[in-house]
Amino acid sequence: MKTILATDKLDFGYNSTSLLLNNFNFGIAEESFTALIGPNGSGKTTVFNLLTGYLNPLSGSVEFHGKSLKQLSLRKRASMMAVVPQSINSALPYTVYQLVAMGRISRLSRFAILSKDDKTQIEYAMDVMDVTALREQQFNCLSGGEQQRTVIAAALAQEPKVLLLDEPTSSLDLGHGNSLMRLLRQLNRDKKLTIMIISHDIQLAAHYCQRLTLMKDGKIIADGTPDTVIKPEHIMEAYNEPVNIIRDDNGNLLLSPNFTDSK
Amino acid sequence: MIKTSDKIIFPIALIVFAAAFVLELCCGSYFISPLEIFLPANEALLQLRLQRAITAFIVGGALAVSGLAYQAVLRNPLAEPYILGISGGAGIGAAIAIVTGLNSLTVFAIPGSAFICALIALSMVLLFARGAGLEYTNNIMLSGIIIGTVCSSILMFIISTIGMDSLNSITWWLLGNLQGADSRLLWMTGISVIAGTGVLFIFGREANAISLGEEMAYNLGVSPQKVIILLLAIASLMAAAAVSLAGIIGFVGLIVPHVLRRLFGAEHRRLFPLGLLGGGIFLMLCDVFSKVIYPEQEIQVGVVTALIGGPFFLWALNRKRRSAV
């Protein structure tokens, strides 16, 4: 598969003397479903924000389809790459429809009104994320799961080629988290959407993603299919925590941490 | 929230505007019926009241639209046009023009001086505000409060050193005054306010995006820095123009946006034009109230808006606190 989004010899730090990322190379293939995993402070969110262009590297570049991300205008970028933050907080009372419609901003000229095509895309995005029934509800009165689905619907309304999600299941319960991941896999398979997520839920990521990238201290320590990444030695190295890795009857990987008082 | 299309809302708003405008023309130290006010015999009175009604509309509209923009950028429904020190700066400007006697040389002295000093105060606020994201918007508000307080102290110092005549003029100006605006100034301000509202309307979608935070705006394809600066600049110029024309009229930029959002939602492409109409209507009605409540001694409109706005502000604050719990 062709690489769609990649970093090339990236250096990043908030000052040049202590780099968080040094000569960092990472790429995601077209139509893939990747999860960036690792302990807190491993640099996942930094990589995520560099890939979206929200942070600028000290040196090196981020490339989208082989073109430097910097060469693309913000609008062009947003029409190809949608980003879902961990949470958004609206102080103003937007309805679900209004918020999803904001996904069309990058495709509309300043003087344009929503065309029939725009409205179709908004309806489609709301339908896929199952928020059509909530269209007139105020976004800031919804539950965490409904808000998450609404923000993803706004991202889908952008008609992106790549969808990046920052810990999409972190505020969701077991059932909602599972169903969201199922939906993302469906979008990846059926709509050929390239998806990358940051996740702390290794089991969920291992089950739904084709590729896992395990990071620690700004470096990739394991990268590949879930089977090759989810190994006790990798988990020990990344999290400094011994785990047993079990397979259930369906072949799903299960992680069992050490629950005793001493390591 | 009222679920109605723009095709219905705007004609209704225009009808309400027309009614408030006629009411403003009919009311004064004495009432004249709508049928009589347009008679040739009342032409001079009509001219005076017409000018006052237009002033009320422009000033009210400017403050409401400015409040809407501030609240979107600062992501705080309690932000208002004077939060960035504009009123304090303008107050000093007006006081300087009055104390130095410049106001007796030209009608442009007080508005001009107020406008310039408002912009100086605003520039200082923006100069001192640092940081990124929510930290930046919080710092802007904090700097605004500090600069505003410093300006108030300077104004108090000026007031404490001047004679009775100047004191009356400054107090009259500080309480908000819709009377006797120079027609050239009125035209200039009117055109600026309508043009400013037009630009804000064009950037309405960007205002929606920025109200969700800088990162979300960026993700949606909006340049946060550019849009924040543009919206703040236009909103501040509109507020400064309104203050220069009519003095400090408080709470319009807080009440009207709140009511409009409750009635029509938060979409800014709809809210900015409605803000112009709604703010204008509100201030015209407050002015009618200020004229009829005590006809022998007219009350300044700033007193009326503050009397309504104070309790409203407390209610809004309490409501926000409760929703945050």
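This is a predicted model: local features need pLDDT of at least 70, side-chain atom pairs count only at pLDDT 80 or more; totals for chains, interfaces and linings use all residues.
**Salt bridges, cysteines and a buried threonine**

A:Arg104 is buried, at a relative accessible area of 2%.

What does A:Arg104 pair with? One salt bridge runs from A:Arg104 to A:Glu159, with the closest N and O atoms 2.8 Å apart. A:Arg104 sits in the loop between H3 and H4 of chain A, while A:Glu159 sits in the loop between helix H5 (144-157) and strand E7 (162-166), so this pair ties together parts that are 55 residues apart in sequence. A:Glu159 is partly exposed, at 30% relative accessibility.

A:Arg104 also meets A:Asp117 in a salt bridge, N to O at 3.9 Å. That value falls inside the cut-off, because a salt bridge calls for a side-chain nitrogen of Lys or Arg within 4 Å of a carboxyl oxygen of Asp or Glu. The aspartate is partly exposed, with a relative accessible area of 45%.

Over all chains, the count of salt bridges is 13.

Chain B has one to look at too: the side chains of B:Lys291 and B:Glu24 meet in a salt bridge at 3.0 Å, N to O. This one links distant parts of the chain, with B:Lys291 in helix H13 (residues 268-292) and B:Glu24 in helix H1 (residues 6-26), 267 residues apart. Both B:Lys291 and B:Glu24 are buried.

Now for the cysteines. How many disulfides are there over all chains? The count is 0. Take B:Cys117: the closest cysteine sulfur is in B:Cys151, 8.4 Å away, so the two are too far apart for a bond. B:Cys117 is buried, with a relative accessible area of 16%. Over in chain A, A:Cys141 counts as exposed, at 58% relative accessibility.

Last stop: A:Thr34, in strand E3 (residues 33-37) of chain A. Is A:Thr34 buried or exposed? Its relative accessible area is 0%, so it counts as buried. Leaving out residues up to four places away in sequence, A:Thr34 touches A:Phe26, A:Ile28, A:Ile195, A:Met196, A:Ile197, A:Cys209, A:Arg211 and A:Thr213.

Note on methods. Residues are numbered from 1 along each chain as its sequence is written. Chains are lettered from A and ligands numbered from 1 in the order in which they are written. Side-chain values use heavy atoms; hydrogens and water are left out. Helices (H or I, at least four residues) and strands (E, at least two) are DSSP runs, numbered from the N terminus. Buried means under 20% relative accessible area, exposed over 50%, partly exposed in between (1.4 Å probe, protein chains only). Contact means heavy atoms within 4.5 Å. A disulfide is a pair of cysteine sulfur atoms within 2.5 Å.
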